[in-house]
Structure formats: C-alpha cells, structure tokens
Amino acid sequence: MAEAATPRRSRLTPEREAELYEAVLDLLREVGYDALTMDAVAARTRSSKATLYRQWGGKAELVVKAIRHGHPTRIEEIDTGTLRGDLHALVTQEDDCTMQRNAALMRGVAMALHHNPDLLQAFREQLVEPELAEFRRMLQRAVDRGEIRADCPALDFLLPMMVGAFVTKTLLDDQPPTRTFLTSYIDAVVLPALGAPPS
C-alpha cells in the first residue's frame with residue numbers, strides 16, 4: 001500500500017517573504033489587527049489566500065512573523081563588552097522616525113492581544129519568550145564580567161523596565177520614545193536598578 005503524499009510547502013524567496021511582511025505591517029498600520037484580513041493581504045501582495053494559509057497557517061502567525069521581521073534589532077547579535085554598551089546598542093539601532101512608526105503599530109497590536117488568544121499565544125511564543133531568553137543571556141554575560149551581582153533582585157525586571165519606558169513615554173507625554181530618552185532612561189533608571197556601572 002502506497003504511503004499518502006505529504007503536502008509540499010513551496011519555499012518563498014527571502015525577497016518575496018520580506019515583501020509580504022512589509023505589506024502586512026502596512027495593513028496593520030492602516031486598519032489594525034481586527035480589521036486586517038487574509039483577503040486584504042492576498043490582494044495587497046498579489047498572492048492567493050491558499051498560499052498565505054499554507055505558509056503561515058493563519059492571521060495571528062503571519063502578523064507575528066511580520067512584526068518579528070520588521071523588528072531588526074536582534075538582541076543575540078549585540079555584545080559590546082559592557083551591559084551599558086549592549087543596552088545602548090539595543091535602543092539606538094532604530095532612528096526616532098522608525099521608533100515612532102513601530103510604537104504606533106505595537107499599541108494597536110497590544111489592544112488586539114487582549115481579545116485574540118491565538119495572537120497572544122503566537123506573540124508570546126515567537127516574540128516575548130525568545131526576547132526574554134536573549135535578555136537573560138545578556139544579563140548573564142554582565143554577571144560573568146562582574147558588572148552586576150547574580151542575586152540582584154532587579155534582574156527579573158529588565159524587560160518590564162525596558163517595555164515600561166516605551167509605554168509610559170507615550171502614555172504620559174503623548175509622544176513616542178526617542179533614542180535620547182531611552183539612553184538617558186537606561187543610564188538613570190535601568191543600570192542603577194541593576195547595580196551596574198554607569199559608564
């Protein structure tokens with residue numbers, strides 16, 4: 001008896017994949033997560049819905065992969081030799097204009113996370129958990145270099161502190177964070193909380 005053929009997943013070129021992700025991010029900025037449809041993505045990218053579902057399985061998966069693609073900062077690629085240098089490098093990889101566009105995008109996605117369990121799960125698995133792991137590695141390097149203590153109680157709060165800077169700047173000042181604000185925040189708040197050298 002012949003075995004059933006397994007469905008073949010055709011591979012998109014990196015250029016085509018990037019084009020699709022950019023279109024998804026543009027649509028997200030225009031209409032938000034809830035109004036974004038696979039039909040709209042298919043029309044915008046001149047793709048078939050079948051191709052989109054075959055490659056990504058559904059809207060949540062596609063949106064999270066697009067956000068990951070549009071987030072050029074890869075924490076694992078940053079190792080300047082100091083914790084301060086690593087954190088500064090992290091927040092200065094995007095210019096202020098890009099940060100503003102991404103902050104608006106993430107505000108919209110954050111609202112959708114509350115009532116879309118599939119989006120929340122994909123977001124946690126593909127963005128939050130990997131970034132937490134990379135932040136832990138960054139902190140472990142700082143511990144190994146003797147910059148911070150391994151038992152520092154603030155170690156578990158690095159990511160909330162960093163995310164908090166983005167959220168509160170927008171909320172309180174009605175402005176997105178800038179590189180100047182974030183580097184000052186790191187020096188004035190994050191590094192002292194971690195007991196790390198200021199320079």
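What is the volume of the second largest pocket? In this predicted model, the second largest pocket has a volume of about 210 Å³. Its lining consists of 13 residues. Phe135, Arg136, Leu139, Leu155 and Asp156 are the closest to the centre of this pocket. Helices H7 and H8 each contribute at least two residues to the lining of the second largest pocket. H7 gives the most, with 6 residues. By class, the lining of the second largest pocket has 10 nonpolar residues, 1 polar residue and 2 charged residues.

The largest pocket has a volume of about 1200 Å³. A set of 36 residues lines the largest pocket. Nearest its centre lie His71, Met106, Phe123, Val163 and Phe166. Six helices are named as sources of at least two lining residues each: H1 (14–35), H4 (59–70), H5 (83–91), H6 (96–113), H7 (117–144) and H8 (158–173). H6 supplies the largest share of the lining of the largest pocket, 10 residues. The lining of the largest pocket comprises 23 nonpolar, 6 polar and 7 charged residues.

Domain 1 (2–67) provides at least three residues of its lining. Domain 2 (71–194) also provides at least three.

Methods: Residues numbered from 1 in each chain as written. Predicted model: local features only at pLDDT ≥ 70, side-chain atom pairs only at ≥ 80, totals over all residues. Heavy atoms only, no water. 1 Å grid on protein atoms, 1.4 Å probe; cavity = no way out; pocket = protein on both sides within 12 Å on 5 of 7 lines; lining within 4 Å. Points joined across faces, edges and corners; volume = space filled by probe spheres on them. Helix = DSSP H or I, 4+ residues; strand = E, 2+ residues; numbered from the N terminus. Nonpolar A, V, L, I, M, F, W, Y, C, P; charged D, E, K, R; others polar. Domains from an automatic or database assignment.
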